Amino acid sequence: MSLSIRNQLPGTVTAVTPGEAMATVRVRLAGGQDLTAAITREAADDLGLTPGTAVLALVKSTEVALATTPVQGLSIRNRLPGTVTAIAAGDAMASVRITVEGGELTAAITKDAADDLRLSAGTPVVALIKSTELSLAVG
């Protein structure tokens with residue numbers, strides 16, 4: 001199966017915390033970073049997620065926010081430090097490629113935001129991803 005989702009990061013489940021309707025799933029990426037995904041309990045059960053399960057963490061580029069300074073006081077669980085490697089900007093939007101430990105991400109942000117952040121190749125950034133925007137795939 002081919003997907004249009006640009007960001008596909010391999011990892012391993014380290015913990016599953018089931019709730020009544022939702023579950024949180026901790027994933028250790030190949031680069032050593034931890035991500036948290038909030039998915040339905042039914043999906044966690046259907047995928048057979050247990051510690052040690054190999055997964056792909058999937059996130060659309062439009063769901064990746066960027067910061068250029070340390071961020072405090074946010075509920076966003078997933079914060080991946082990285083470096084901008086390339087920017088392709090149009091009149092309204094910009095596609096920003098970021099190298100993170102063990103992989104790459106793409107963030108689709110407005111051109112105005114890219115300009116305001118003064119993004120260019122080599123700029124250190126933190127990719128911010130809400131746990132509810134992270135999907136998981138197996139096999």
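Biologist: If DSSP finds at least two bridges between two strands, they pair. How many bridges join strand E5 (residues 65–67) to E9 here?

Modeller: Three bridges join E5 to E9, and the two run antiparallel. One thing first: this is a predicted model, where local features need pLDDT of at least 70 and side-chain atom pairs count only at pLDDT 80 or more, while totals for chains, interfaces and linings use all residues. Residues are numbered from 1 along each chain as its sequence is written, and side-chain values use heavy atoms, leaving out hydrogens and water.

Biologist: Handy. Which residue in E9 is the bridge partner of Ala65?

Modeller: Look for Leu128, which is the bridge partner of Ala65 in E9. The strand labels are DSSP runs numbered from the N terminus (E, at least two residues; helices are H or I, at least four).

Biologist: And in which sense does E6 pair with E9?

Modeller: Antiparallel, over six bridges, with E6 covering residues 78–89 and E9 covering residues 124–129. To find that pairing on screen, go to Gly82, which stands opposite Val125 in E9.

Biologist: What about E6 and E7, how many bridges there?

Modeller: E6 and strand E7 (residues 93–100) are joined by seven bridges and run antiparallel.

Biologist: How many residues are in the hairpin that joins E6 to E7?

Modeller: Three residues make the hairpin link from E6 to E7.

Biologist: Changing topic: where is Thr53?

Modeller: Thr53 is in a loop, the one between helix H1 (41–47) and strand E4 (54–59).

Biologist: Is Thr53 buried or exposed?

Modeller: Thr53 counts as buried because its relative accessibility is 15%. The cut-offs are under 20% for buried and over 50% for exposed, with partly exposed in between (1.4 Å probe, protein chains only).

Biologist: OK, and what does the side chain of Thr53 reach?

Modeller: The backbone oxygen of Thr50, at 2.8 Å.

Biologist: Which residues does Thr53 touch, not counting those up to four places away in sequence?

Modeller: Thr53 touches Gly11, Thr12 and Val13, plus Gly48 and Val138, once residues up to four places away in sequence are set aside. Contact there means heavy atoms within 4.5 Å.

Biologist: Great, I'll start with Thr53 and the backbone oxygen of Thr50.

Modeller: Then go on to E6, which pairs with E9 and is joined to E7 by a hairpin.

Terms used
A polar contact is a pair of N or O atoms within 3.5 Å; within protein, one must be able to donate a hydrogen and the other to accept it, and residues adjacent in sequence count only if both atoms are side-chain atoms.
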